[in-house]
Amino acid sequence: MATLHTVNKSPFATKALQSCLAHARDGDVILMIEDGVYGATAGTDLADVLAGHSALKIYVLEPDLQARGLDTGRLLDGVSTVDYAGFVDLAATTDRTMAWL
Amino acid sequence: MKFGVVVSEGPYTHQASDTAYHFVVSALEAGHEVPRVFFYHDGVNVGTRLSVPPQDERNIQAQWTDLAARHKIDLVVCIAAAQRRGILDENEATRQGKDANNIAEGFRISGLGQLIEMGIQTDRLLMFGD
Amino acid sequence: MSEDVKKFLYVNRKAPYGTIYALESLEVVLIGAAFDQDVSLAFLDDGVFQLTRGQDTTGIGMKNFSPTFRALGDYDVTKLYVERESLEERGLSADDLQEIMYEDEDDDWAEKPSIRIVSRAEMADIFAEQDVVLSF
């Protein structure tokens, strides 16, 4: 009974990602979209935000990543990319979706 | 699978309505159903036919109108949120004594009950906002 | 569970007045109450500020909608989950919140508090029980 959490805020602007991570349960899926994709990049002051969350599946929406000039090589370990079709699949294969607006 | 979609942020200022649009297009391509999209908060502003974006930019309202026509999607603008923000159809304009209406083709104004009903009747509900 | 009854959760994570989300969330809750679904409200992060006592909006010219929370019991909306950690992070405790009561028809109409303070872990469990999550 997994939840798909969508996060669309930069973790440098709001605590949506941190709050989402604090409420996600093992096996849940997190998808970073829009400005949320900045939360998936390595080499930042917040790069350890995902540490200790290996029981979650973390995805980033690739069109949003590309739009912002971020290469997939910049992603934190353990983060995978999906396109919009993959987003749809994640929503269909989880039991509910929760937006961290 | 049936998806219900909520757009709760205005067009152009925020990416929410764009992301929702791409999600719905992909869901339909994958063979899912999207019977209704509900526009709430500033999202109701997507439903005005009077926006005139520059020619080299996407026209968000036109994208939704076109998609809805091709896939029979019910585009519902929340009446309470719409009245606050000046989105009116012909009936509402008359009822409120206003001299014009601005609802775009393919959109209709209705109550919040349509949002709850969408939550009941679809398998998954997705919200796109700020 | 009847096929027609779903568990709806309204998630409130934003403070009132600075933006309209809290007010328009409450409007959905009031309309949604007519649909006889299993409704809960969650207040976490800045959403806990929605429930504080003593709100007075005269000086900003906006409608004070905080009394409406006290009417939710009349609409059979009786589960208001408030996250303890979110309160504590903001220097608040349950005493800073309005008293919101409902009459329990299954218990001889006894008056009971609608606000239930829960831990972050309990809030996560509440999220995981839902069919429909609406975020405001």
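The model is predicted, so local features need pLDDT of at least 70 and side-chain atom pairs count only at pLDDT 80 or more, while totals for chains, interfaces and linings use all residues. Residues are numbered from 1 along each chain as its sequence is written, chains are lettered from A in the order in which they are written, and side-chain values use heavy atoms, without hydrogens and water.

**The sheet of chain C**
- Five strands of chain C make an open, parallel sheet in the order 6-3-2-1-7; strands are DSSP runs of E with at least two residues, helices are runs of H or I with at least four, and two strands pair if DSSP finds at least two bridges between them.
- Strand 1 (residues 7–12) and strand 2 (residues 38–43) of chain C run parallel and are joined by six bridges; C:N12 has C:F43 as its bridge partner in strand 2.

**The interface with chain B**
- Contact (heavy atoms within 4.5 Å) links 21 residues of chain C with 19 residues of chain B.
- Together, chains C and B bury about 1,600 Å², 63% of it on carbon and sulfur atoms; this is accessible area (1.4 Å probe) lost on being put together, summed over both.
- In chain C, the residues losing the most area to chain B are C:Y21, C:E24 and C:F35, together 30% of what that side buries.

**Salt bridges**
- Three salt bridges are counted between chains C and B, each a side-chain nitrogen of Lys or Arg within 4 Å of a carboxyl oxygen of Asp or Glu.
- C:E24 forms a salt bridge with B:R85, with the closest N and O atoms 3.0 Å apart.

Terms used. Buried area = accessible area lost by both parts, 1.4 Å probe.
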